[in-house]
Amino acid sequence: MATQRTLSIIKPDAVEQHNIGNILAMIEGAGLSIKAMRMLHLTRPMAEGFYAVHKERPFFGELVEFMTRGPVVVSVLEGDDAIAKYRALMGATNPANADEGTIRKAYAKDVGENAVHGSDGPDTAQTEIRYFFPGYEV
Ligand code: ATP
Ligand code: MG
């Protein structure tokens with residue numbers, strides 16, 4: 001598998017619960033390299049734009065409310081098969097279904113407040129990296 005880059009967000013719930021360091025340690029422990037990083041408080045338009053693909057879903061309002069309630073840590077991760085590798089490390093969207101050893105098993109509360117985001121494919125990875133790191137060479 002070729003080297004890939006993916007976008008990670010440590011969501012407001014995980015930041016509030018002081019799990020930034022624990023999650024970054026799991027990321028680095030899985031062999032992924034952190035290539036760029038920003039901590040910021042998403043505005044409503046930024047959160048709505050980032051999750052625009054979900055705007056017709058019933059949970060969209062709740063999702064935007066959650067993602068804007070406190071700061072997040074956004075990073076570009078790089079490694080062999082990074083997109084799938086990070087999705088596997090994150091675990092299932094609903095932590096009730098997440099495997100032992102995953103970030104969501106350890107730190108997520110429920111399907112909404114689930115600690116982390118990771119790009120789900122090469123196209124979304126490129127779009128999402130550009131969204132937060134304009135001008136970054138993907
Ligand atoms: P993410 O895109 O954040 O990496 P994901 O790809 O595992 O997560 P998606 O289906 O893309 O899951 O949903 C995006 C986010 O929307 C979820 O991570 C979660 O925060 C929220 N979400 C998804 N389903 C629900 C739901 N049924 N109720 C509330 N929030 C939800
Ligand atoms: Mg998703």
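Colleague: Which strand is E78 found in?

Modeller: E78 sits in strand β3, which covers residues 72–80. Note that this is a predicted model.

Colleague: Is E78 buried or exposed?

Modeller: Buried, because its relative accessible area is 18% and the cut-off for buried is under 20%.

Colleague: What does E78 touch, leaving aside residues up to four places away in sequence?

Modeller: T3, Q4, R5, G31, L32, S33 and K35. With R5, the side chain of E78 makes a polar contact of 2.5 Å.

Colleague: And which residue meets E78 in a salt bridge?

Modeller: K35, through the side chains, with an N to O distance of 3.7 Å. That pair links distant parts of the chain, since K35 belongs to strand β2 and E78 to strand β3, 43 residues apart. K35 is partly exposed at 40% relative accessibility, whereas E78 is buried at 18%.

Colleague: How many salt bridges does the structure hold?

Modeller: The structure holds 7. One of them is between the side chains of R69 and E16, at 2.7 Å from N to O. This pair also links distant parts of the chain: R69 is in the loop between α4 (60–67) and β3, E16 is in helix α1 (residues 12–16), and 53 residues separate them.

Colleague: How accessible are R69 and E16?

Modeller: R69 counts as partly exposed, with 38% relative accessibility. E16 is partly exposed as well, with a relative accessible area of 39%.

Colleague: What meets the side chain of E113 in a salt bridge?

Modeller: The side chain of R69, at 2.8 Å from N to O. E113 lies in the loop between α6 (103–107) and β4, and R69 in the loop between α4 and β3, so the pair links parts of the chain 44 residues apart.

Colleague: Is E113 buried or exposed?

Modeller: E113 counts as buried, at 15% relative accessibility.

Colleague: Which residues are linked in a network of salt bridges?

Modeller: E16, R69, K109 and E113.

Colleague: Changing topic to helix α7. Which of its residues are buried?

Modeller: In α7, residues 122–132, the buried ones include A125, E128, I129 and F132. They are on the same side of the helix, because they cover an arc of only 100 degrees around the axis.

Colleague: What is exposed on the other side of α7?

Modeller: D123 and T127 are exposed there.

Colleague: And what do the buried residues of α7 pack against?

Modeller: Strands β1 (3–10), β2 (33–40), β3 and β4 (116–118), plus helices α3 (44–50) and α5 (82–90).

Colleague: On to the ligand. How many residues surround ligand 1, and which are the closest?

Modeller: 15 residues surround ligand 1, and the closest are Y51, T93, G112, N114 and H117.

Colleague: Which side chain has an N or O atom 2.5 Å from an oxygen atom of ligand 1?

Modeller: That is T93. H54 also has a polar side-chain atom 3.0 Å from an oxygen atom of the ligand.

Colleague: What about G118?

Modeller: In G118 a backbone N or O atom lies 3.2 Å from an oxygen atom of ligand 1. As for cover, ligand 1 taken alone exposes 580 Å², and the protein buries 82% of that.

Colleague: Last topic, backbone angles. What is phi of H18?

Modeller: Near 65 degrees, a positive value in a residue other than glycine. Most residues other than glycine have a negative phi, which is why such a value gets flagged here.

Colleague: Where does H18 lie?

Modeller: In the loop between α1 and α2 (20–29). H18 counts as exposed, at 70% relative accessibility.

Colleague: Is A115 buried or exposed?

Modeller: Buried, because its relative accessibility is 0%. H18, in contrast, counts as exposed.

Key. Residues numbered from 1 in each chain as written. Chains lettered and ligands numbered in written order. Predicted model: local features only at pLDDT ≥ 70, side-chain atom pairs only at ≥ 80, totals over all residues. Heavy atoms only, no water. Helix = DSSP H or I, 4+ residues; strand = E, 2+ residues; numbered from the N terminus. Buried < 20%, exposed > 50% of the residue type's maximum accessible area, 1.4 Å probe, protein only. Polar contact = N/O pair within 3.5 Å; in protein donor to acceptor, adjacent residues only side chain to side chain. Contact = heavy atoms within 4.5 Å. Arc of directions from axis to C-beta. Salt bridge = Lys/Arg side-chain N within 4 Å of Asp/Glu carboxyl O. Near = heavy atom within 4 Å. Areas by Shrake-Rupley, 256 points an atom, 1.4 Å probe, with all protein chains shown as cover.
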